Amino acid sequence: AAAKRKRELAAAARPKKRAKGAPAGTEPAAKPGPEGAAPDEYSIPAPVSQGKWKNKERVLIFSSRGINFRTRHLMQDLRTLMPHSKADTKMDRKDKLFVINEVCEMKNCNKCIFFEAKKKQDLYLWLSNTPQGPSAKFLVQNIHTLAELKMTGNCLRGSRPLLSFDPTFDKEPHYALLKELFIQIFSTPQYHPKSQPFVDHVFTFTITDKRIWFRNYQIIEEDASLVEIGPRFVLNLIKIFQGSFGGPTLYENPYYQSPNMHRRLIRLSMAAKFREKHQVKEVQKIKKKESKMLIEEDPTEVVFETPAEEKPVEIQLVKPESKAIVKDKRKPRKIQRKKQKKLFRTEA
């Protein structure tokens with residue numbers, strides 16, 4: 001008991017610890033007493049955001065093998081813009097697409113953005129809600145990455161974006177489904193640990209020419225104008241499936257034309273042009289070989305012809321004078337010099 005009392009007295013004599021964030025010179029404030037006395041304790045201010053991270057949306061962004069450098073940079077740009085995203089190694093092309101549901105489960109992700117490359121020139125994008133669905137397949141066109149564009153805009157890393165949609169998304173049911181899928185995938189959850197509590201850029205989804213155009217703009221504080229940051233790409237919808245990476249087809253785009261068909265039509269048009277040129281040359285050769293038709297003489301053609309005046313023929317009776325031959329005076333001198341040189345050489 002005596003030792004315990006000694007420890008209590010030593011603790012009371014020791015100076016009290018300063019609270020974190022309190023100034024060095026001031027003593028900790030005390031609680032106000034019942035009679036309005038000065039506080040005897042320093043109160044620490046509350047954090048800026050008292051919210052709790054409830055929306056546990058995580059997006060897995062990865063690709064198949066065989067993608068080019070531009071697709072790889074686009075994938076990296078999306079990862080930097082979305083703080084709630086996760087990465088994984090490339091998937092083998094031999095594996096089936098339903099394996100991605102198991103990968104998402106292992107990575108604790110409930111949304112997926114998968115880039116599928118075919119023939120090393122065509123790029124397809126899958127947006128899926130794993131594991132129940134739905135999922136949508138797009139053909140990606142006109143890709144421009146952040147490094148390639150060199151835009152003047154800039155935004156804070158990890159900040160939350162605004163999502164802006166075209167009014168057409170609310171008019172048709174398949175666009176309304178895609179809108180909900182875009183909202184759940186691209187919007188950063190509130191109070192996410194890796195996100196910042198700021199809104200300084202906008203993701204815009206515009207429908208033009210039966211395609212969805214993605215743009216990213218910075219919001220400038222001075223006049224609320226927009227400056228493009230990047231990246232940018234165009235999504236051409238192919239199909240919407242009920243399940244994740246498969247299942248019954250909910251919608252199929254009737255205006256979609258596959259890249260193979262597009263390339264085939266280009267080859268056919270070039271072949272038709274070549275064939276047409278060849279046919280024109282053949283027709284020209286046949287025309288040249290055809291015998292020309294002889295037209296009978298028309299007796300009326302000579303009616304308006306006027307005969308030319310006949311000039312008298314002059315016969316020269318005197319022989320013309322011969323021209324004087326001017327001899328070159330330098331020639332004999334040259335011949336003499338050449339002879340002298342020959343003599344000199346023979347003597348030497």
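Which residue forms a salt bridge with aspartate 209, and how far apart are the closest N and O atoms?

Mentor: The partner of aspartate 209 is arginine 211, and the closest N and O atoms of this salt bridge are 3.2 Å apart. Keep in mind that the model is predicted. Side chains of opposite charge can pair when their charged atoms come close. Aspartate 209 is exposed, since its relative accessible area is 54% and exposed means over 50%. Arginine 211 has a relative accessibility of 23%, so it counts as partly exposed.

This pair is one part of a total of 8 salt bridges in the structure. Another of them joins arginine 215 to glutamate 228, where the closest N and O atoms are 3.9 Å apart. Salt bridges with shared partners join Arg215, Glu228 and Arg232 into one network.

A further salt bridge brings together the side chains of lysine 111 and glutamate 57, at 3.1 Å from N to O. Lysine 111 is in strand E3 (residues 111–118), while glutamate 57 is in the loop between helix H1 (2–13) and strand E1 (59–63), so the pair ties together parts 54 residues apart in sequence. Lysine 111 is buried, with a relative accessible area of 3%. Glutamate 57 is buried as well, with a relative accessible area of 12%.

By class, the lining of the largest cavity has 6 nonpolar residues, 1 polar residue and no charged residues.

Helix H5 has 14 residues and spans 20 Å from its first C-alpha to its last, close to the 20 Å expected. Its buried residues are His174, Tyr175, Leu178, Leu181, Phe182, Ile185 and Phe186. Seen down the helix axis, the buried residues of H5 fall within an arc of 120 degrees, so they line one face of the helix.

The open spaces come last. The largest pocket has a volume of about 310 Å³. It is lined by 18 residues, of which Gln121, Asp122, Leu123, Val140 and Ile143 are the closest to its centre. Strand E5 gives the most to the lining of the largest pocket, with 5 residues. That lining includes 5 charged residues, along with 7 nonpolar and 6 polar ones.

The second largest pocket has a volume of about 170 Å³. Among its 13 lining residues, the closest to the centre are Leu81, Leu146, Asn154, Cys155 and Ile229. The lining of the second largest pocket has 6 nonpolar, 6 polar and 1 charged residues.

Notes
Residues are numbered from 1 along each chain as its sequence is written. This is a predicted model: local features need pLDDT of at least 70, side-chain atom pairs count only at pLDDT 80 or more; totals for chains, interfaces and linings use all residues. Side-chain values use heavy atoms; hydrogens and water are left out. Ala, Val, Leu, Ile, Met, Phe, Trp, Tyr, Cys and Pro count as nonpolar, Asp, Glu, Lys and Arg as charged, and the others, Gly among them, as polar. A salt bridge is a side-chain nitrogen of Lys or Arg within 4 Å of a carboxyl oxygen of Asp or Glu. Helices (H or I, at least four residues) and strands (E, at least two) are DSSP runs, numbered from the N terminus. Buried means under 20% relative accessible area, exposed over 50%, partly exposed in between (1.4 Å probe, protein chains only). The expected span of a helix is 1.5 Å times one less than its number of residues. The arc is that of the directions from the helix axis to the C-beta atoms. On a 1 Å grid over the protein atoms alone, a cavity is a set of points where a 1.4 Å probe fits but cannot get out, and a pocket is an open set with protein on both sides within 12 Å along at least five of seven lines; lining residues have an atom within 4 Å of a point. Grid points are joined across faces, edges and corners, and a volume is the space filled by probe spheres set on the points.
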